[in-house]
Amino acid sequence: MKRTQRAVVALVVGIGAVLAASLVVVPAASAASHSAALVVKGPNGSAYTAGHVVSFVGKEGATATYTFQVRNTGTTLAQYRINIADWTGAQAQLYDGTLLLKPLASSADGYYTKALPPGGNQTLTVKIPIPVGTAAYEHYSTIRLSGTDGFFIDDAYLVAEEPSVLTGATPADLFLKNGSQLAVGGPGRAYQIATAPTIAGTQVATYTVTLQNSTGPTGSIGFSLSASISCGEVVIVKDGAVDVTTAARNGTYLSPPLARLGKRNLTVTVKNLTCHFVQLIAAAKEPGGFFVQQSVMEVNRAY
C-alpha cells in the first residue's frame, strides 16, 4: 500500500530543510535503482515497519531517537539518496552509528547510502531533540528516500510528541496512551499521535483512553473512534468489561455521569492489519456539543 500524507499535516507551522551529504561516490543517474524499502523501528525496540509514521513521546529537553533502514529490494548493487526535512521547529540529526553526517543543510543532493547488494541494507539513526520553552507540542521530521537520479521511492514521518498536561482544562478532556508511554492529547493539543509497538501475526496493540471532566459540573462525556486510514483491522472498545465498540464507532457512546475531576478509562485493542498501518482518531465531546478534542492512534504492521 502506498503511503499517504498523514491526516494531520494541518498542524505544521513551519518548515526547514536539513540535508546531509556523505563522502561516498555518487553513481551515475543511469545506474539508479528504484527498488528499495524504507522501514522504521517501532517503539520499545519493536519490529521495523513500513508504516508511514512512528511517534515517540518525551518531555522538553529529551531526545527522541529513531532507527531506520534502507533496504535494497532490487537485483543489482545500488545506492540511494536520503533527504530529511524538519517541521514545527524540529532539528533532526542524522547518524551513521556514532558519526554525525555533515555538512548539514549544505547540499540539495542529500545523503547517499553505501553501495548495497541485493537484499542488503544500511541502518541509520535520526535524533530529534525536543526543544525547551517553545509553544509547539509536536516536533517532526520526514525522511524521503529516492533513487540517485532523484526518483521518489518512499517517505516516513518521525514525530516527537510532548506529553499531555493531565490536569486538563475542559469538561470533556481526552488523554490517550499506549502501555508505559507518556499520555498525549488533552486541551490545546489536537491530533497528537501515540504509536504502539509494531505488531505482527496475532499480536495486539492496546491503548487506554481517559475521558476526564476537569472543570465542569457533573455530566457525561461523549466518545467517538473513527478511522482516517483503515485496512482490515479488528478494533474492540471496552468500558470495563462491557463491549462498547458499536457505540464508539457510531459516535454515540456516553460515559456515566462524571463529577468534576472524575474520569473514565476505555480500553481500545487493535489487531489483524492487512496492510502497513491503520490510523484511528479518538475524539471527546460534552453532551450536546461537538467532538473537539482529538488524538490519533497509530498501529503499524511489521515489514
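Rings of Phe, Tyr and Trp, the last by its six-membered ring, are taken to pair if their centres lie within 6.5 Å; planes under 30 degrees apart count as stacked, over 60 as edge-to-face and the rest as tilted. With that in hand, colleagues, let me turn to the model.

This is a predicted model, in which local features need pLDDT of at least 70 and side-chain atom pairs count only at pLDDT 80 or more, while totals for chains, interfaces and linings use all residues. Residues are numbered from 1 along each chain as its sequence is written, and side-chain values use heavy atoms, with hydrogens and water left out.

I begin with the aromatic residues. A search of the whole structure finds four aromatic pairs. In one of them, the rings of Trp 87 and Tyr 140 have centres 5.9 Å apart and planes at 10°, so this pair is stacked. Trp 87 belongs to strand β6 (residues 80-87) and Tyr 140 to strand β11 (residues 138-147), so the pair ties together parts 53 residues apart in sequence; strands here are DSSP runs of E, at least two residues long, numbered from the N terminus. Tyr 140 is buried at 0% relative accessibility, where buried means under 20% relative accessible area with a 1.4 Å probe, protein chains only. The rings of Tyr 140 and Tyr 157 have their centres 5.7 Å apart and their planes at 55°, so that pair is tilted. Trp 87, Tyr 140 and Tyr 157 form one aromatic cluster. Trp 87 is buried at 17%, as is Tyr 157 at 3%.

Next, the nonpolar cores, each a set of buried Ala, Val, Leu, Ile, Met, Phe, Trp, Tyr and Cys residues joined through side-chain atoms within 4.5 Å. The largest has 31 residues, and Phe 223 and Leu 225 have the most contacts inside it. Among the elements giving two or more residues to this core are β17 (222-229) and β22 (277-285). A second, separate core of 29 residues includes Ile 82, Leu 94, Leu 124 and Ile 143.

What does the search for disulfides find? It finds one in the whole structure, a disulfide being a pair of cysteine sulfur atoms within 2.5 Å. Cys 231 is joined to Cys 275, S to S 1.8 Å. Cys 231 lies in the loop between β17 and β18 and Cys 275 in the loop between β21 and β22, so the pair ties together parts 44 residues apart in sequence. Cys 231 is buried at 14% relative accessibility, and Cys 275 is buried at 6%.

Note on methods
Buried means under 20% relative accessible area, exposed over 50%, partly exposed in between (1.4 Å probe, protein chains only). Helices (H or I, at least four residues) and strands (E, at least two) are DSSP runs, numbered from the N terminus.
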